[in-house]
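Thank you all for making the time this morning.

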Amino acid sequence: MTQQVNDAVNCPKCHQEQTFTLYLPVNATLDPALKGKLLKGDLFKVTCEKCGHQFAVMYPLLYHDMDKQFMIQMSENARPAEDATRFRLGQNYRMRCVGDPDHLEEKIPIFDEEMDDRAVEFVKLMLRQGPPAKGDSMQSPALLFAGISKNHPRGPQLFFVTWPPDRKTCLAVSWSDYERYVTIFDKEFAGAGSGRGRWERVEEDYTIRLEADRGRPAPPEK
Ligand SMILES: [Zn+2]
């Protein structure tokens, strides 16, 4: 089961000390209710017992889904912690590092939907860069995957929101376009392998890094 550890935190407003529960790791297979709390952002939130002020507490969190075979390490340096590397995971496992709770909450539904997160990042890059003539539009805000609408009138759609800070601007990509990007990704970046069996940080600059690694001119960075 998920191990719980209590730690003391101080309210940044009134300095009241209180107990905060850390979960090490969050095992979605054994504890689906805890997964629900995580996706709502509740595992990083504290409401001060004295003044009612809400504040966030960051701590390295390891997320493990044994059924879907993936593990995500969230930590400020976006590297797998020692606890994470101790697991003996099969070659089919997807292991990812992310640097903040928003990207952790983004990855989980991508893997829950059995999608390729590398192709999703490729889609985001294309959305931000626009057609080749607008190659400098990486100035636009970063994007977060926000879910799939399966019953959309135009067929299944992937949704993305701007991040940070507003999450207001919403962009949609059809499932068929996503599949097209998967095909392009697999063809263009065959050398990247399957994206399984090793720890990787897969964010928007992933394909830019792949381009750079194979010595091709990389698309403009922001
Ligand atoms: Zn307080």
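Predicted model: local features only at pLDDT ≥ 70, side-chain atom pairs only at ≥ 80, totals over all residues.

Residues are numbered from 1 along each chain as its sequence is written.

Let me begin with the domains. The assignment divides the chain into domain 1 (1-113) and domain 2 (115-222), with bounds that come from an automatic or database domain assignment. The C-alpha centres of domain 1 and domain 2 are 24 Å apart, and the contact between them takes 16 residues from each of the two, where two residues are in contact if their C-beta atoms, placed from the backbone, lie within 7 Å. On the side of domain 1 that touches domain 2, β8 and α3 are the elements that give two or more residues, and α3 gives the most, with six residues. The names of helices and strands refer to DSSP runs numbered from the N terminus, with helices being H or I of at least four residues and strands being E of at least two. By residue type, that side of domain 1 divides into eight nonpolar, two polar and six charged, where Ala, Val, Leu, Ile, Met, Phe, Trp, Tyr, Cys and Pro count as nonpolar, Asp, Glu, Lys and Arg as charged, and the others, Gly among them, as polar.

Now to the core. A nonpolar core here is a set of buried Ala, Val, Leu, Ile, Met, Phe, Trp, Tyr and Cys residues joined through C-beta atoms within 7 Å; a residue is buried if 20 or more other C-beta atoms lie within 10 Å of its own, exposed if 12 or fewer, and partly exposed in between, with C-beta atoms placed from the backbone. The largest such core has 29 residues, and those that touch the most other members are Leu-61, Tyr-63, Met-71, Ile-72, Leu-104 and Ala-119. Among the elements that each supply at least two residues are β6 (61-65), β7 (70-74), α3 (101-112), α4 (117-129) and α5 (175-188).

The axes of α4 and α5 are 9 Å apart and the angle is about 105°, the axes being lines fitted to C-alpha atoms, for helices over the stretch in contact, with angles running from 0 to 180 degrees between N-to-C directions. That makes α4 roughly perpendicular to α5, a label for angles of 65 to 115 degrees. The residues of this contact divide into eight nonpolar, no polar and one charged.

Next, the backbone. Most residues other than glycine have a negative phi, and most peptide bonds are trans. The bond from Leu-24 to Pro-25, however, is cis, with omega near -15°, and Pro-25 sits in the loop between β2 (17-24) and β3 (26-27). Ala-78, in the loop between β7 and α2 (82-85), has a positive phi near 50° and is partly exposed, with 15 other C-beta atoms within 10 Å. Glu-114, in the loop between α3 and α4, also has a positive phi, of about 60°, and is exposed, with 7 other C-beta atoms within 10 Å.

Finally, some single residues. Thr-183, in helix α5, counts as exposed, with 10 C-beta neighbours inside 10 Å. Thr-169, in the loop between β10 and β11 (170-174), is likewise exposed, with 12 such neighbours, and, leaving aside neighbours within four places in sequence, Thr-169 is in contact with Val-161 and Thr-162.

Key
Parallel < 35°, antiparallel > 145°, perpendicular 65-115°, else oblique.
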